[in-house]
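Morning, everyone. I have one structure to walk through today. Please have a look at it while I talk.

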Amino acid sequence: MFPFAPYVIKSLWRHRARTILTVSGTAVALLVFCFIGSVQKGLLALTEDQQADRTLIVFQENRFCPQSSKLPQDYATTISKLSGVTEVVPMKVFTNNCRASLDSIVFQGISAEQLRVCRDLTLLSGDWSAFEKQDDAALIGQAVAGRRKLVTGDKFTIGDVSVVVQGIFESAVAAEDNLVFTHLDFLQRTRGVNEYGTVTQLEVHLADNADPEAVGAKIDAEFHSGPVATTTRTKGMFQADTVADLAELIGFVHWLGYACVGLVLSLVATTTVMAVQDRIKEHAVLQTLGVRPLGVFRLVIAESLLLSVIGGMIGVVGSMLFLSSTGLSVAAEGVTIAFRPSWDLAVQGILIAVVVGLVAGIAPGWQAAQSQIVNALKQG
Amino acid sequence: MSLVEVNNVTKEYANGEETIRPLDGVSLTIERGDFVSLMGASGSGKSTLLNLIAGIDLATSGEIIIADTDITRLSRGKLADWRAANIGYIFQTHNLIPVLTAYENVELPLVLLPMTAAERRKRVQIALEAVDLTSRASHYPRQMSGGQEQRVGIARAIVANPTIVVADEPTGSLDDETTEQILELLSRVNQELGMTLLMVTHDADAGARARRRIRLERGRLIENGQETSTRTLRTA
Ligand SMILES: Nc1ncnc2c1ncn2[C@@H]1O[C@H](COP(=O)(O)OP(=O)(O)OP(=O)(O)O)[C@@H](O)[C@H]1O
Ligand SMILES: [Mg+2]
């Protein structure tokens, strides 16, 4: 069919208004599809990465917002003595917005040594020693930096917390690109209230042979009758519980993704049906010249495929550019879901465009191929 | 053996209760290199017969053998391949593809045949020269007059050097002067290029151009006042 490429392209161009509308509709739908996909992947990443089920989070019992969970920091000492525990990271979490928000800033106060060991960060600018030496220094994730247009050396204030940016990092975990790391004691002392000695949560790292559930139960039993009771879950479960409301919403939104695919299908199919009806006679002329019925079918499929794939490419590329340039995320109660572009999402988008293009062309293509030449030639 | 042998062909259309039979046991032979005109009243079945010979319509019964191939036995796909190699069709209204230039329109039938690009270019050039439109090669149908469009249509019909060229009222929508040009061109196609031509026409003058004239009357073929059949022609 390659020699007919100019014919297919020129035919689409003849009705450029219709073609452009269809292509842009397809592009928008695929853009939305990829966006929804990235939200979904961000949610999955919270519960499905390696750390998620090998790390425990100890939180105050029956508390959800990081502001209201207050654990004695010396719990860490007790926990680190339990068998199977390799490291306990006390963390203070502060967020400007506990509710679901697209622009919440989450601070995590961790001691510098533990930050270096327990997080896989790559500094894009600034340096560690400057961060370690300065009390109110912060390392900020690239997504926050992009969103708030921050560079190393900037002062940055949210509510009562004022920090100086001493580095911008990229994390191996996408969600962490939306965090601001500070020193633990800095975040404990800030905001007027002296919360020295209390932390929001304890992150417990386990030995490879430890059973997370058993250790978690042991921790909770340990503090059951202590001053503050705890709830211990794997990091994955903790994050999933925290964003449960959002997750439900995102689960619902994923139907919109399918709706987008349906939209593209009907859009491309409608345009192709119209194109075929416009050209019943032209296809009969082609058949008279010796194009096989199957050849006409392929020409129609080629047109619908081209419409859908061009639109799909624009939509996919657009969504990838949008996602990578905005570094969008949604956070609730200190846990962030990062919307990141990814290759498999792009490939999925293009594949959907290809399949939709093929499917949309089947019915009109079949109709064109089956028409009686003599009758079709009589059409005006 | 003749180039075209139409044997006892009948075409019927079922129209509710009644059956319309535009062709009723028609037989006809056409020799290689001949120029045949087919006339008859409106609705007498001229187009129907032409379309059967061109392989774009199916006979109800009978056989049509062209250059040793019984085309009534071919599948739809095979019939399409056969048309590509053997038929040049000139329509009443040129039926050029509007999005393609004159050159691309003429090239279209060659794209379906096994042929190098260089060979295609050469053939298109020759066909455009034959209809005297080399200067219009890059023009689109809408940029040409009706007569020029019809000449492009003729170039497209002859470019693949088909076994037979059929034309259904090729001058039906042209003025007298252009009609004259087109008929002249068709005569040349027959005489100079040696192509076999079957032309349906309403116009007695146009019909007179042909070397052989046949008429359709009430579903039957009349030649020189006599009904034709394979047998009478063979013994003649
Ligand atoms: N698809 C069809 N269904 C029913 N009847 C048809 C169909 N096509 C053609 N006919 C009938 O077959 C007969 C022959 O038609 P045809 O087109 O061959 O005539 P024609 O000789 O070419 O006429 P004209 O000179 O007007 O073009 C006509 O009576 C026509 O009504
Ligand atoms: Mg007719």
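I'll go through the domains, the chain contact, the cavities and then the pockets.

Some ground rules. This is a predicted model, where local features need pLDDT of at least 70, side-chain atom pairs count only at pLDDT 80 or more, and totals for chains, interfaces and linings use all residues. Residues are numbered from 1 along each chain as its sequence is written, chains are lettered from A and ligands numbered from 1 in the order in which they are written, and side-chain values use heavy atoms, with hydrogens and water left out.

Start with chain A. It splits into domain 1 (2–46 + 245–378) and domain 2 (62–228). Those bounds come from an automatic or database domain assignment. The C-alpha centres of the two domains of chain A lie 44 Å apart. Their contact takes 14 residues from domain 1 of chain A and 18 residues from domain 2 of chain A. Contact here means heavy atoms within 4.5 Å.

How much area is buried between these domains of chain A? About 1,200 Å², and carbon and sulfur atoms give 54% of that. Buried area is the accessible area, with a 1.4 Å probe, that two parts lose on being put together, summed over both. The count between domain 1 and domain 2 of chain A is one salt bridge. By that I mean a side-chain nitrogen of Lys or Arg within 4 Å of a carboxyl oxygen of Asp or Glu. Asp177(A) and Arg340(A) form a salt bridge, with the closest N and O atoms 1.8 Å apart.

Now the two chains. Chain B brings 25 residues to the contact and chain A brings 23 residues. The area buried between chain B and chain A is about 2,200 Å². Carbon and sulfur atoms give 65% of it. Three residues stand out: Ile56(B), Arg76(B) and Val99(B) supply 26% of the area that chain B buries against chain A, more than any other three residues. There are two salt bridges between chain B and chain A. Asp81(B) and Arg292(A) meet in a salt bridge through their side chains, at 2.3 Å, N to O.

On a 1 Å grid over the protein atoms alone, a cavity is a set of points where a 1.4 Å probe fits but cannot get out; a pocket is an open set with protein on both sides within 12 Å along at least five of seven lines; lining residues have an atom within 4 Å of a point. Grid points are joined across faces, edges and corners, and a volume is the space filled by probe spheres set on the points.

How many cavities of 30 Å³ or more does a search of the whole structure find? Five. The largest cavity has a volume of about 290 Å³. It is lined by 24 residues. Nearest its centre lie Gln108(A), Lys235(A), Gln239(A), Gly334(A) and Val335(A). The lining draws at least three residues from each of domain 1 and domain 2 of chain A. H10(A) gives the largest share, three residues. Helices and strands are DSSP runs numbered from the N terminus: helices are H or I, at least four residues, and strands are E, at least two.

What is this lining made of? Twelve nonpolar, six polar and six charged residues. Ala, Val, Leu, Ile, Met, Phe, Trp, Tyr, Cys and Pro count as nonpolar, Asp, Glu, Lys and Arg as charged, and the others, Gly among them, as polar.

The second largest cavity holds about 60 Å³. Its lining includes Leu289(A), Arg83(B) and Tyr89(B). E6(B) gives the largest share, three residues.

Last, the pockets. The largest pocket has a volume of about 480 Å³. Its lining has 23 residues, with Lys378(A), Ser47(B), Asn51(B), Tyr89(B) and Asp168(B) nearest the centre. H1(B) gives the largest share, four residues. This lining divides into six nonpolar, eleven polar and six charged.

The second largest pocket has a volume of about 290 Å³. Of its 18 lining residues, Gln372(A), Ile373(A), Ile56(B), Asp57(B) and Leu58(B) lie nearest the centre. H2(B) gives the most here, with four residues. The residues divide into eight nonpolar, five polar and five charged.

That's the tour.
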